[in-house]
Structure formats: structure tokens, C-alpha cells
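Take a walk through the model below.

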Amino acid sequence: MKRTENLSFVLEGVQKLKFEDRPVPQLQDPHDVLVRVKFTGICGSDVHYWNCGQIGPFKVEKPMVLGHESSGIVEQIGSKVTTLKVGDRITMEPGEPCRRCDACKIGTYNLCPAMAFAATPPYDGTLAQYYRLPEDLCYQLPDSMSLEQGALVEPLSVAVHLVRQANVSPGSSIVVFGAGPVGLLCCAVAKAFGATKVIAVDIQPGRLEFAKRFEATSTFLPGSGSALENATRLRTENDLGNGADFVIDASGAEASINTGIHVLHPGGTYVQGGMGRDEVNFPITAACTKELVIKGSFRYSSGDYKLAIQLLASQQVKAQELITEIVKFEDAERAFQNVKAGRGIKILIAGPEE
Ligand SMILES: [Zn+2]
Ligand SMILES: [Zn+2]
């Protein structure tokens, strides 16, 4: 592939990908750093924008660089940067909040209405040679962590935020719906938080086998019956008494959401992470009469990246086991095809060759 200034992997329109030579980003603030991107994980959202051009209100209206799960090396620092130096190995938190609104000021900056998030239209992503970020959104990797592991901090932070939203406690039981990367990482984080029963649910037996080898203490394959029937069987098979303490949905599927509400005991906690259809049928009477706690979870906020790095560095969460393939930058499109076809768990794309 020919040498370029800032080779980028661009979504031109629905199902149209191309490589493009773009200008190297300029530092916009004395606290900015320029990062040479080393590894980027492909996320379901990248694949979704490629196939549908839209997620909820976010619509691809002009060409956009994809990717937001990246690690890299600091290439250049602004005049006021004090926490990083050129050559540092870092993981990138790819969303820049406004820092001035109420949400930002109380530490829930993931809810900032002015968030500029990589590869969420109209903002360009990190699948490029270079990417600009403020220093406080670049986290230095401990020596024990590889740059490949660094690319997994983003999805792991999503899982950390979900498990924190649930307030998972020692000795508890949790059912996680969806055994894709985020669901699997939720299983691992819940276990690190002390959950003793961690049940992974998916409709693909292959994924359940992986979940079992990874961090799930048991798995459940839903049958063709109703959500209530599946919830009853899930409870019985796993000796959950009158229900699980926590449910995290990382699938977005209506059947999972319904089963999740029914599998909780009265007073249990349900957290929604998966995004499927915008509206679903919902068993609201069960939620009401069981006095369930129901919460949403969106990306990550204060402290989530730091905890994700600690969990990885201490190997309490062995996220690197999810990496099934690392492809060259020029093979990025093939990697996207593989994710779409469900081949592998987490595929990384290496940064453009020097
Ligand atoms: Zn992602
Ligand atoms: Zn804000």
C-alpha cells in the first residue's frame, strides 16, 4: 500500500469503505497530544454504521473514519502537557466531553449532550495513523500491559460501567444476556467484583462454549418457549431460588430483556446495555410488582478507564483471551466482513505500517 500522510479507514456511505489519505490532525489546545495508533478493536457499532449508516439518532451524513477502541504511542505533546511524554504507550478514551455542562461537572460526562465521540457521526474515529486527544483521555499503560491489551480497555470500560451501574456485590448471582465481547467482559468484571454465580445467556451455542471457558460459571441456551418459561428453567437449572440478584442485558434483544425481568427476584436489579430496536414490548407489571431497580448504562465515565486498566494489569480480567485475530491495516475491510459474519470474538486491526 502506498505511503500516505495520515492513512485512514473511512466509511463513505452505507456499505462503502475506502482508504483515504487525510491530513495529520493538528493539536488544538496546549493540553492536546498526537497519538500514533497501534491497535484498534472492531466494535459492533462500527459494523452497524457500515451496514445501516445509522444508530438511533446518529446518522452518517458525510464520510467518517471508523474505530474507537485504540491503543497507541504518544508522537507529539502540546506545550502544557505534564502527564505524558513522547514515546509513552497509552490507551485512548475516545470521547471528548464539553467539561462545562451539569453532567460533566457531576462526573457523569458520558451523558454530556455535547460529547464528541470517535466514530459516532459527525466525528471521525481512530482507524488512522494519527489521532488527537487531550492528555487526560490518554492513559499510560503499565509495563506489564501490551498495546494489544491496551486496545481492549475501551470495551472493558463499557463492561466496568455496566457492572458498576448494577452495584454487583460479593457472593451475588448475576445473569448476563449476550455473550459477545461486552457480555463476556461483564461476566469477568462481575466475577472480579465477587459475584459467585455468573450465568451467560446466548442463542449461539458456540458463544456459550467460549463463555464457559472464559469467566461464566454456567451458561443457558434459551428454548423456543415464552420468556417466563425460559426464566423459570434458567432459575431451576442454576439453583437460583426465587431469582437472580442482578441482570445485565448486553444483547438488546426483546426476548432477552423479557427473560431478564422475569429471572430476577423481587427487589433485584436490571441494567440495560445492549442496543437493538429502539422500542420493545416490556413486562412492566412484573417490573412493578417485584419493585425491580431498572437502570440504563451508556459507555463509561469517571474512573471506569482506570479500573479497567487495573483489572487488566492485575489479570483479574484476562480480556486478551477474547482476541481471535489481528489483521494488517490494509486488510481492515476483510476484518469487518469477519466481524459481520460472526467469525471470531474480538478482531484487532494493526495501525498502518511505518
Ligand atoms: Zn465499542
Ligand atoms: Zn458536558
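Of the 354 residues of the protein chain, 47% count as buried. A residue is buried if 20 or more other C-beta atoms lie within 10 Å of its own, exposed if 12 or fewer, and partly exposed in between, with C-beta atoms placed from the backbone. This is a predicted model: local features need pLDDT of at least 70, side-chain atom pairs count only at pLDDT 80 or more, and totals for chains, interfaces and linings use all residues. Residues are numbered from 1 along each chain as its sequence is written, while chains are lettered from A and ligands numbered from 1 in the order in which they are written.

Now the overall dimensions. The C-alpha trace spans about 60 × 40 × 35 Å along its principal axes. The radius of gyration of the protein chain is 20 Å, which agrees with the value near 20 Å for a compact globule of 354 residues. That radius is taken over C-alpha atoms, and the globule rule is 2.2 Å times the number of residues to the power 0.38.

Contacts come next. Two residues are in contact if their C-beta atoms, placed from the backbone, lie within 7 Å. Among contacts between residues at least 6 apart in sequence, 69% join residues at least 24 apart.

The domain assignment gives domain 1 (7-151 + 318-350) and domain 2 (157-296). Such bounds come from an automatic or database domain assignment. The contact between the domains takes 7 residues from domain 1 and 7 residues from domain 2. On the domain 1 side, 3 are nonpolar, 2 polar and 2 charged. Here Ala, Val, Leu, Ile, Met, Phe, Trp, Tyr, Cys and Pro count as nonpolar, Asp, Glu, Lys and Arg as charged, and the others, Gly among them, as polar. Over C-alpha atoms, 28 Å separate the two domain centres.

The protein chain has 11 helices and 20 strands. Helices (H or I, at least four residues) and strands (E, at least two) are DSSP runs, numbered from the N terminus. Two strands pair if DSSP finds at least two bridges between them.

Look at one open sheet. Its 3 strands follow the order β2-β1-β6, with antiparallel pairing. The edge strands are β2 (16-21) and β6 (64-65), each pairing on one side only. Strand β1 (residues 7-13) joins β2 through 6 bridges. Within that pair, V10 stands opposite K18 in β2.

Which strand is largely enclosed by the rest of the structure? It is β16, because 6 of its 6 residues are buried. Strand β13 (residues 173-177) pairs with β16 in the parallel sense over 4 bridges. There F177 has D249 of β16 as its bridge partner. Another 5 bridges join β16 to strand β17 (residues 264-272), again parallel. F246 is partnered with T269 in β17. The chain crosses from β16 through helix α8 (residues 254-263) to β17 in a right-handed β-α-β crossover. Right-handed means that, with the strands pointing away from the viewer, the path from the first strand over the helix to the second runs clockwise.

Finally, the backbone exceptions. Most residues other than glycine have a negative phi, and most peptide bonds are trans. A119 has a positive phi of about 60°. A119 sits in the loop between β10 and β11 and counts as buried because it has 24 C-beta neighbours inside 10 Å. P122 lies in the loop between β10 (116-117) and β11 (130-134). A cis peptide bond joins P121 and P122, with omega about 5°.

D239 also has a positive phi, near 55°. D239 is in the loop between α7 (227-237) and β16 (244-249). Is D239 buried or exposed? With 9 C-beta neighbours inside 10 Å, D239 counts as exposed.
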